[in-house]
Amino acid sequence: MYAHKDLQDWQAAWTMFNEEITCSQCAARQPSRLSNTDFIHSPACSRAGKGQRPWEDLMTMLIVPLPQAVGA
Ligand SMILES: [Zn+2]
């Protein structure tokens, strides 16, 4: 349930398309090859800030098994 909620939050904040993650607010993009660097928003974006790693967040969520899948 945790992972599901986090994934919903992620999907509200980001879009992934063509191996790029896009900020849903400012439309700044980050290709997957820069996944280990901080995301850079547009200067005016209300979500701008340091230490945002949407690729790593996504990977972390996707390797956490869903509760229903455990022992299935
Ligand atoms: Zn942004």
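Analyst: A strand here is a DSSP run (E) of at least two residues, numbered from the N terminus. The model is predicted. Ala 27 sits in the loop between S2 and strand S3 (29-31).

User: What makes the phi of Ala 27 worth a remark?

Analyst: Its phi is near 70°, a positive value, and the residue is not glycine. Asn 18, also not a glycine, has a positive phi too, near 50°. Asn 18 belongs to the loop between strand S1 (14-17) and strand S2 (20-23).

User: How do you know whether Asn 18 is buried or exposed?

Analyst: The relative accessible area of Asn 18 is 62%. Exposed requires over 50%, so Asn 18 counts as exposed.

User: And why is Thr 22 called buried?

Analyst: Thr 22, in strand S2, has a relative accessible area of 18%. Apart from neighbours within four places in sequence, Thr 22 is in contact with Ala 13, Trp 14, Thr 15, Ala 27, Ala 28 and Arg 29.

User: What do Cys 23 and Cys 45 tie together?

Analyst: Cys 23 is in strand S2 and Cys 45 is in the loop between S3 and helix H2 (54-62), so the pair joins parts 22 residues apart in sequence. Both Cys 23 and Cys 45 are buried.

User: What makes a set of residues a nonpolar core, and which residues make up the largest one?

Analyst: The members must be buried, of the nonpolar types including Ala, Trp and Cys, and joined through side-chain atoms within 4.5 Å. The largest core has 12 residues, among them Trp 10, Ile 21, Cys 23, Phe 39 and Leu 58. Helix H1 (2-13), S2 and H2 each give at least two of its residues, with H2 supplying the largest share, 3 residues.

User: What does Phe 39 touch?

Analyst: Leaving out residues up to four places away in sequence, its contacts include Trp 14, Ile 21, Cys 23, Ala 28 and Pro 54.

Conventions. Residues are numbered from 1 along each chain as its sequence is written. This is a predicted model: local features need pLDDT of at least 70, side-chain atom pairs count only at pLDDT 80 or more; totals for chains, interfaces and linings use all residues. Side-chain values use heavy atoms; hydrogens and water are left out. Helices (H or I, at least four residues) and strands (E, at least two) are DSSP runs, numbered from the N terminus. Buried means under 20% relative accessible area, exposed over 50%, partly exposed in between (1.4 Å probe, protein chains only). Contact means heavy atoms within 4.5 Å.
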